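Visitor: Hi, I have a new model to look through. Could you walk me through some of its helices and backbone?

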Amino acid sequence: MQTMTKIRKICCADASASAAIAALRKRLSPDGEVISPSARARTTEVFGEPLPPAEVVRRICRDVRARGADAVFDYTRRLDRVELTPATLRVPAEDLERAHAAAEPAFLEAVRRVRQNIWQFQTGVLTQDASLRVAGKYELRLRYRPLRRVGVCVPGGAAAYPSTLLMTAVPAQAAGVPEIAVVSPPTRNGANNPDVLAVCHELGIREVYRVGGAQAVAALAYGCSGLERVDKIVGPGNLFVALAKREVFGDVDIDMMAGPTEVVVIADGSANPAYLASDLIAQAEHSPGASLLVTWHERLADQVVEALDDQLERLPRGALARASLEEFGAIILTRGRDEAVALTNAIAPEHLHVVTADAEAVAAEITSVGAIFIGDYTPVAVGDYVAGPSHVLPTGGSARFASGLCANDFLKRSSILLYTAEGLRAVADDVRLFAAREGLTGHSASVDIRLSDL
């Protein structure tokens, strides 16, 4: 007997619609505290009390900052049930070489093709130095230089993610970052995964560390024996990783504080319901993952539910995806196209798939989104795995002010100013005026002493 998917339906004509959508969004924000029961039980065991995830992270980060590698090893033992030592923290070069040598040729060929796709796109969008010259008076320059050292977090829980390595490390390499340190949990899907290690070797990454969670983020931010601190931390992770990145920000830069993955699909009656169902399932199988269909065609909504039931029965992770759809998914019926666009801008989703008769026009009206996928033949999966833009994107509504990761995020910029005597004389009065207004007479004096010698 086929199991029916109990995905919620929200009708924007109802008075309760706004509250229902807001509650759903909050569940998938960092404040929603979406963690597994086992993770909650484990942290309670370690700290002796049921602490909120933010407090768990705060304690771990402070401890790693104070005790260094000893704290990293301690939390890895107590949280991950793995004994690490100074000798086993870093994956040996021979393990990387062995994984690469044993990898299937077809897999490595795909890695090389994808790397080239990412490299081509990321180098194409790379920001260049700029200058402004006024002959005889001044020259102003904006100079970009790559960060020296970057840390990449690669998840390793329910699945292995060699794609995350490509989508984080290659943009950094395109920017010219000379040192990349990868951290991943000491699990079969993390730093012990042969595919992950093979991709590291293929990309020329030789620093790979068997540590995950908040302790890995803290080790990257503060440094410890055997792991030098970095300038920036990038890459996805669970709630503890996201909160740890927020905790260490300021001591180190971060890409974003990403939460569970999400997709909004805007569709009209021209869309294929089977395609739409597959898009919703693809995000839901991350579990947790938010999958929202926004449409003003009620018949299409019913057809998508029917397609969900059919497809979920045939997928190995169907039960997991169904549970995620029922907890975090929704079909939202708007009163028309304009309301669908306005709602999507308010949600500011990580991924947006537009499948309408005027898809390009709809996409042009979306102002807050991580990445837009247009048409029947552009599923989010192509962005996850093979296209050039990074799949590390803002979640939880943060696309209203944040952007997806790209090569430019690995550059720091400096302004360079060069004035001649004539140029200084031309702006001297303005400097004096502002200095007087702000009571900083030393500023105007630093100009006057130079001009008095001319």
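Predicted model: local features only at pLDDT ≥ 70, side-chain atom pairs only at ≥ 80, totals over all residues.

Visitor: How do helix 2 and helix 4 pack, at what angle and how far apart?

Guide: Helix 2 (residues 37-47) and helix 4 (residues 69-80) meet at an angle of about 130°, and their axes are 9 Å apart. The two helices are therefore oblique to each other. Helix 2 makes a right-handed crossing with helix 4.

Visitor: Which residues make that contact?

Guide: From helix 2 you have Arg42, Thr43, Val46 and Phe47, and from helix 4 Tyr75, Arg78, Leu79 and Asp80. By type, the contact residues are 4 nonpolar, 1 polar and 3 charged.

Visitor: And what about helix 5 with helix 8, at what angle do they cross?

Guide: Helix 5 (residues 93-102) and helix 8 (residues 194-202) cross at roughly 100°, and their axes come within 8 Å. An angle of 65 to 115 degrees counts as roughly perpendicular, so helix 5 is roughly perpendicular to helix 8.

Visitor: Who touches whom there, and which residues does each helix bring?

Guide: Helix 5 brings Asp95, Leu96, Glu97, Ala99 and His100, while helix 8 brings Pro194, Leu197, Ala198, Cys200, His201 and Glu202. This contact divides into 6 nonpolar, 2 polar and 3 charged residues.

Visitor: Switching topic: how many residues does helix 11 have, and how far does it reach?

Guide: Helix 11 (residues 273-284) has 12 residues and reaches 17 Å from its first C-alpha to its last, close to the 16 Å expected at 1.5 Å a residue.

Visitor: Which of its residues are buried, and what covers them?

Guide: The buried residues of helix 11 are Pro273, Leu276, Ala277, Asp279, Leu280, Ile281, Gln283 and Ala284. Their cover includes strand 9 (261-267), strand 10 (289-295) and strand 12 (351-355), along with helix 12 (298-312), helix 13 (318-328) and helix 16 (380-385).

Visitor: Where does arginine 81 lie?

Guide: Arginine 81 is in the loop between helix 4 and helix 5, and it is partly exposed, with a relative accessible area of 46%.

Visitor: What about alanine 348: what is its phi, and is the residue buried or exposed?

Guide: Alanine 348 has a positive phi near 50° and is likewise not a glycine. Alanine 348 is in the loop between helix 14 (337-347) and strand 12. It is buried, with a relative accessible area of 0%.

Definitions and conventions. Residues numbered from 1 in each chain as written. Heavy atoms only, no water. Axes fitted to C-alpha atoms, helices over the stretch in contact; angles between N-to-C directions. Helix = DSSP H or I, 4+ residues; strand = E, 2+ residues; numbered from the N terminus. Parallel < 35°, antiparallel > 145°, perpendicular 65-115°, else oblique. Left-handed = near helix turned anticlockwise from the far one by under 90°. Contact = heavy atoms within 4.5 Å. Nonpolar A, V, L, I, M, F, W, Y, C, P; charged D, E, K, R; others polar. Expected span 1.5 Å × (residues − 1). Buried < 20%, exposed > 50% of the residue type's maximum accessible area, 1.4 Å probe, protein only.
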